[in-house]
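Hi,

Here is the structure we discussed. Please open it alongside the notes below.

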Amino acid sequence: MLFKQQALLRQKLFVLGSLAIGSVLYLVARVGTLDRLQPICPIESKFSTPGPEQIPLRTLQFKRGVLHERGNVTKEQIRPHNLVQQLPRAIIIGVRKGGTRALLEMLNLHPAVVKASQEIHFFDNDKNYARGIEWYRGKMPYSFPHQITIEKSPAYFITEEVPERIFKMNSSIKLLIIVREPTTRAVSDYTQVLEGKERKNKTYHKFEKLAVDSNTCEVNTKYKAVRTSIYTKHLERWLKYFPVEQFHIVDGDRLITDPLPELQLVEHFLNLPSRISQYNLYFNVTRGFYCLRFNIVFSKCLAGSKGRIHPEVDPAVVTKLQKFFHPFNQKFYQITGRTFNWP
């Protein structure tokens, strides 16, 4: 009798265990299709064609799989998904070392946004530009018709020919500029170049020697890292082609410490429904940066090269640069309507 009871108990435990394993496997399988089962979300935007258009949320497969990377896509895969390659309707044009990669990756959290994976350098590179607009379109990722494609090439902001070239492509395009405190940005720019030199076992001047002219003891405006940080000079060239309303200024310093409010401002500027939430952003203590959470399965952090330690700079040179940038900063605030607490 005892043997039969034990056998019956083992049989019940086996059945319960099988049910539990089956439930776990079902949940795992369901996670992969969770986004696909979401209802389509309406977009009220200037990017939509007339009528009650709707945007399907991207599935996890589209986010990470072969459909998102142009090189692995076949016509058979594209056709049933109604995917197309679209010219950007918004471009992050700068600035270098302002946080352009972080901004692009964070905007890619939005279901209506699809990003170009690499910097295309179409408008600032004469050889690429000569290849024509269809070559440029061919560099764009596949997307649904009602999603918007965004690319970023920070060299656009400081290259003289770019504003006119982009204007000829699309005079109503949305332009995003992400800025940091100008002296900090210049040092970050220097640090990136320095790291590249060190990898090649090459020597490089100290920042102070590059940023200040040793003959005049004045700020060296011929040094590219300094020149790039004179934001208003570059912006004035863009304003010859585009009204200020087509620009949105992103606070790169705040994007590091408190990204969500900045991203919500960009959503509003792009006329997108608010979809990015605090759930999508979590602080990684080890990295010292916010990382991205697409869903309970897929998360990512920015490359390890982000957040390089800056070399110590002579405080007198820092003060000299801050004083030099101050009048340019004031004009930048006046033009853009956005004020920063820069020294």
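The torsion about the S-S bond of Cys291 and Cys301 is about 105°, so this disulfide is right-handed. The model is predicted, with local features needing pLDDT of at least 70 and side-chain atom pairs pLDDT 80 or more, while totals for chains, interfaces and linings use all residues. Residues are numbered from 1 along each chain as its sequence is written, and side-chain values use heavy atoms, without hydrogens or water.

The two sulfur atoms of Cys291 and Cys301 sit 1.9 Å apart. A search of the whole structure finds one disulfide (a pair of cysteine sulfur atoms within 2.5 Å). Cys291 lies in strand E11, and Cys301 in the loop between strand E12 (299-300) and helix H14 (315-336), so the bond ties together parts 10 residues apart in sequence. Helices (H or I, at least four residues) and strands (E, at least two) are DSSP runs, numbered from the N terminus.

Cys291 is buried at 1% relative accessibility. Cys301 is partly exposed at 27%. The cut-offs: buried is under 20% relative accessible area, exposed over 50%, partly exposed in between (1.4 Å probe, protein chains only).

Now the packing. The largest nonpolar core has 29 residues (buried Ala, Val, Leu, Ile, Met, Phe, Trp, Tyr and Cys joined through side-chain atoms within 4.5 Å). Among the elements that each supply at least two residues are strand E4 (90-94), helix H13 (259-269) and strand E11 (289-293). H4 gives the largest share, five residues. Apart from this core lies another, of 28 residues, including Ile91 and Tyr333.

Best wishes
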